[in-house]
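Hello,

Here is the structure for your files. My notes follow below it.

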Amino acid sequence: MNLREWKNRFFRWLDGDYDVMANIMEGSLEPDESHEKVKNDRKAAHKELTSSGFSQAVIDAERKGFYRIYIGVAIVSCIVLIGVLLYTVSLLPKYGQENPRAVEVSDRYIERGLEETGAVNVVAGMILDYRAFDTLGESHVLFAALLCVMILLKKDKKNMDSRFDDYYQIERDAYFDVSKDSVMRKVGMLIVPCILVFGIYILLNGQNGPGGGFSGGAVMGAGLIIFESAFGFELVDSFFTAKVSMLISFISLTFYCFAKGYVFFMGANHLHNHIPKGIPGAILSGGLILPLNIAVGLVVACTMFGFYSLFKRGSIGGV
Amino acid sequence: MDIIRNFPLMTIILSLFSGSLCFVLKGKTARFYTIFFEIFLLTACGVILWYTVTTGASVTYPMGEFPAPWGNEIRAGILEALLATLFMIIMIVSVLAGYRFIDMDLDESKVNLYYAILNLMTASLMAILWTNDLFSGYVFLEILTLTSCGSLIVREIGRTTLAAVRYMILNLLGSGLFLLGVVLLYDLTGHLLMVPMQETIAGMAQDPRLFMVLTLSTGVLTVGLAIKSGLFPFHFWMPDSYGWSTPTSASILSSLVSKAYILLLIKVIYRAIGLEVFERMPIRNLFLVLGIMGMVIGSIQAMHADNINRMVAFSSAAQVGYIFMGMGLGGSAGYTAAIFHIMAHAVTKSMLFLTTPRLAEVSEDSLLFRKLQASALRNKDAGIFFLIGSMSMIGIPLFAGFSSKLQFALAGVESHSDIKLIAVILALAASSLLNAIYFIRTLIRIYSDPHGNMRKVRVRSPHRLGYIFPMAILAAMNLFLGLFSWVSIDLIVRGLEMFG
């Protein structure tokens, strides 16, 4: 295989037309006449996509010449950026050497973290107590991402009958749908409870050891996804509908906002806040860290499953 | 009146809450809620402004019980409160004048998501204005990036999707570089809070080797924010993003979001690096050169546009050039001019972006110049407001654009450098001339009716009052900034004094 062919394949792969795993993975569909039809449909759709409200002449002018310079400049600027960053890092004071860096912040986190936050896990104490404002923002970053994906993928009147929903795709989905597969179901029955319990453990143990809301929520979300792929949406919808998912996210985020707002308010006005720190090492310790971890974990789990569900069927849950 | 000290915290927390509330509300309820909530926020910001002006000191507010170098902190001074008030006014006006288009462009089931995104955007704008901490700045910058992508893709026509992808890639590159800069600065100083960081940096800047590292890290951070705000070589995402999105998004993105990044940069320069240390770095001259190039090239590209929204968007690139030129001139005068221009441009550009769809509406829904012939005669209200906006952009006296150009010239005089003064005056003259050429061309196009038969297809635009009222607010603010520029300049100067 010569270089040109590789390059051609590479760019086709970048465009998404070429599947590297085609004919390798078990169960892939052989390209048939429906594939050709889909390709033509895609081409037509792409043409419409790029030309709506914009003249083809301008696009062509943008493409010619511009692309060559563009690739050249991109490579050069990447190399320059890498060089500059490496040079900067090489100039930084070396670890252990005498340097003018202030250590008062990290020292206090390590030395007095347990006493001041009540959490054995200093990292949890840092992100949910000392610097809780950042984490408040961080949990809303996830929420903002969910909103964007919903705007893009949620099925509605506008994209319901779009040509991307071609029958080939549906056929392919049905072919790969393993929810009727008995091996998948048996294995699912075995591992899903373990994964969910493990997720809850990580979530509840965030103040005492490695873990916390983000990681626990991600594990729980993954458990839900495996549950869905083993048993299908019908079973998930019996307890986890779109409404439930939205309500969980809403209640968790609201709780997070107001609980933290209360702590900020009390702290800034030098008032005593009524949240007990608990005994370090116990489950109920670390003040607000445990409830906040639960809130974050629920949001993360809902968001992860929401993404999966949006990509698979265009809604965050059943009606 | 100590309760007012809590208002900055309240604006952030309540906007975040509104974001998740709109997520569960129905579309129409979400819109009403958002409008009322924003009016409430405007009042709160106004009260903070009044409080800081009367007490003459900024409000430092620890987030939680831990004091400055250990816990987060927010701080509200005159400058932040002034800009927050202006931002809220523009936010309200954009929603009021654009919600009809939101209802048209979006599916009914997604309208509440749009308002949720707007509320999160408000929260991050507020947090970026108030924050005193580099990493909080980064977190809320991330929310701003995501929500602005979301506000672009809501209009599901092909071109917006492409524009949003391009916007997202460039913005993520910018965020990444900003984060790298923050990490390097943290590694150097051991602080994320801006004020303690500045103290450490002041000591470091004496050592030439450390000064070099400081310059490079600040440079990485600056390039990140420059990409996000659309400084000259990085402005190519602008025309598509602003040109095809729903009017409310275009107005908010061009006048608030890209300005918020610049304000964060100014905050980093003033509060984290220290103005004196920054002025020793060569980055400042780069601002001047790129700013001037952006002013000229953005205007030239605007002349080539065949579509009115793309023209206005390219002119935004030129205006970002003005702001960076002011920062390049440096000194208190340069930054005053830059911030005044942020205000003047926000008021003007939101007016233009909210007006062009009204012109297109009476011209077969097309933004192309050839279809827009005599459109101002068909929709007279939109014509008048486009005229006001154009005159401000060109820099005709009485309007905000003139005052800000005057400020740039004065900052050039105060820079005590002949080359800089000549460059600034020439750039201002060239850019104003080019602005005049393409805006007057547009005005002639939309007001002339060569065959005398175009005005007959008069379409009476629905919700006329819902358009005139918010636009009248913007026009009044424009005139206020133009005629009584000394009021806001006085506030900016006082704000900058307590900003560092």
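Leaving aside its neighbours within four places in sequence, which residues is M325(B) in contact with? They are L288(B), G291(B), I292(B), M295(B), F408(B), V424(B) and A427(B). Two residues are in contact if their C-beta atoms, placed from the backbone, lie within 7 Å.

First, the ground rules. This is a predicted model: local features need pLDDT of at least 70, side-chain atom pairs count only at pLDDT 80 or more, and totals for chains, interfaces and linings use all residues. Residues are numbered from 1 along each chain as its sequence is written, while chains are lettered from A and ligands numbered from 1 in the order in which they are written.

The core: M325(B) is one of the residues with the most contacts inside the largest nonpolar core, along with L147(A) and I128(B). That core has 242 residues. Helix α3 of chain B (residues 78-105) gives the most to it, 19 residues. A nonpolar core here is a set of buried Ala, Val, Leu, Ile, Met, Phe, Trp, Tyr and Cys residues joined through C-beta atoms within 7 Å. Buried means 20 or more other C-beta atoms within 10 Å of the residue's own.

Chain A: 13 helices, 0 strands. Helices are DSSP runs (H or I, at least four residues), strands likewise (E, at least two), numbered from the N terminus. Of the 319 residues of chain A, 28% count as buried.

The interface: chain A puts in 53 residues and chain B 58. On the chain A side, α7(A) supplies the largest share, 15 residues.

Best wishes

Terms used. Buried ≥ 20, exposed ≤ 12 C-beta atoms within 10 Å, placed from the backbone.
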